[in-house]
Amino acid sequence: MTPSGNDALSSRTPGGTPLSRRDEILRSTVRLARLVFAAPASSIFLHDPVAGSLVLEATSDPQEDHLLGWAIPDYSGIAGWVFQSGEAVIADDLDNHPQFNREFAASTGLVPKTIIAAPLETAGSVFGIMEVLDPDLGPRGEAAVIELVSELARQCSAALAVMGDSSGPPAPHAAAAERLTTLVGELARSDDPDAERVLTSLEEIAAVLARAKG
């Protein structure tokens, strides 16, 4: 089954310009995160060290592409909190959360009640943040949710690293690759109706990586 509507992977911007390989990886990652957590939205911010800001570089819905390029201080909001700490978080009860940047959220048109977020990092250095808004956590415990969102962030980081390395993934990501292989096997055996859509998204990410290496 191929994803349709807003979940279908587009390789072009709204203006028809082909996405860069980096942007394909980012967009594939946020759409996969959105599917995995049955969430209304997911996004990735990348750090601009010169400006000291986190820049919105990918959203899970092409209709939100007009938001790309928006920036917040790298200490602001849940994204800034995760960037500074380097730790994945589940932030709920956002109405009373001191780190929540309500003004920025309202400007995007979606004010979530819960955010899960994880750092994108390489060689111990955080270079971005992935967020999932209002995820359906289901029966998963907090530790399982943190592990899953962190794994998605690690896979994105590894994919971006591979873009500049034709010899394959760096050694530090070997364990993450093994975990992803296990996850794919579990999804393939699952009766969950969303599993096939998640597998399709993983195949699209694999296609992007194959083109990057080629």
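These legends walk through several close-up views of a predicted model of one protein chain.

**View 1. The whole chain, as a starting point.** Let's get our bearings before zooming in. The protein chain has six helices and six strands. Read from the N terminus, these elements follow the order α-β-β-β-α-β-α-β-β-α-α-α. Of its 214 residues, 44% are buried.

**View 2. Helix 1 and helix 4 side by side.** How do helix 1 and helix 4 run relative to each other, parallel or antiparallel? Their axes come within 10 Å and cross at roughly 165°. An angle over 145 degrees counts as roughly antiparallel, and helix 1 and helix 4 are therefore roughly antiparallel. Their crossing is right-handed. On the helix 1 side, the contact is made by Arg22, Ile25, Leu26, Thr29, Leu32, Ala33 and Val36. Helix 4 contributes Leu148, Leu152, Cys156, Ala159 and Leu160.

**View 3. The largest nonpolar core.** Now look at the 32 residues that form the largest nonpolar core. Leu26, Leu32, Phe37, Ile44, Val149, Cys156 and Val198 have the most contacts inside this core. Two or more residues each come from helix 1, strand 1, strand 5, strand 6, helix 4 and helix 6. Which element gives the largest share of this core? It is helix 4, with eight residues. A second, separate core has 21 residues, including Leu56, Val89, Phe100 and Phe104.

**View 4. Cys156 and its partners.** Here we meet Cys156 again, one of the residues with the most contacts inside the largest core. Setting aside residues up to four places away in sequence, Cys156 touches Ile25, Leu26, Thr29, Ile44 and Leu120. Of these partners, Ile25, Leu26 and Thr29 also belong to the helix 1 side of the contact with helix 4.

**View 5. Helix 2 and its cover.** Which residues of helix 2 are buried? In this helix, residues 77-85, they are Gly77, Ile78, Ala79, Gly80, Val82 and Phe83. The elements that cover these buried residues include strand 1, strand 2, strand 3, strand 4, strand 5 and strand 6. Just after the helix comes Gly86, with a positive phi of about 75°.

View 6. Pro119 lies in strand 5. Is Pro119 buried or exposed? Its relative accessible area is 10%, and buried means under 20%, so Pro119 is buried. The C-alpha atoms of Pro119 and Gly86 are separated by 5.9 Å, although the two residues are 33 apart along the chain. Apart from neighbours within four places in sequence, Pro119 is in contact with Val82, Gly86, Glu87, Ala88, Val126, Gly128, Ile129 and Ala153.

**View 7. Two loop residues with positive phi.** Finally, visit two loops. Ala38 sits in the loop between helix 1 and strand 1. Its phi is near 45°, a positive value in a residue other than glycine. With 48% relative accessibility, Ala38 is partly exposed. Asp93 is found in the loop between strand 4 and helix 3. Asp93 is not a glycine either, yet has a positive phi of about 50°. Its relative accessible area of 47% makes Asp93 partly exposed.

Terms used. Residues are numbered from 1 along each chain as its sequence is written. This is a predicted model: local features need pLDDT of at least 70, side-chain atom pairs count only at pLDDT 80 or more; totals for chains, interfaces and linings use all residues. Side-chain values use heavy atoms; hydrogens and water are left out. Helices (H or I, at least four residues) and strands (E, at least two) are DSSP runs, numbered from the N terminus. Buried means under 20% relative accessible area, exposed over 50%, partly exposed in between (1.4 Å probe, protein chains only). Axes are lines fitted to C-alpha atoms, for helices over the stretch in contact, and angles run from 0 to 180 degrees between N-to-C directions. Angles under 35 degrees count as roughly parallel, over 145 as roughly antiparallel, 65 to 115 as roughly perpendicular and the rest as oblique. A crossing is left-handed if the near helix is turned anticlockwise from the far one by less than a right angle, and right-handed if clockwise. Contact means heavy atoms within 4.5 Å. A nonpolar core is a set of buried Ala, Val, Leu, Ile, Met, Phe, Trp, Tyr and Cys residues joined through side-chain atoms within 4.5 Å.
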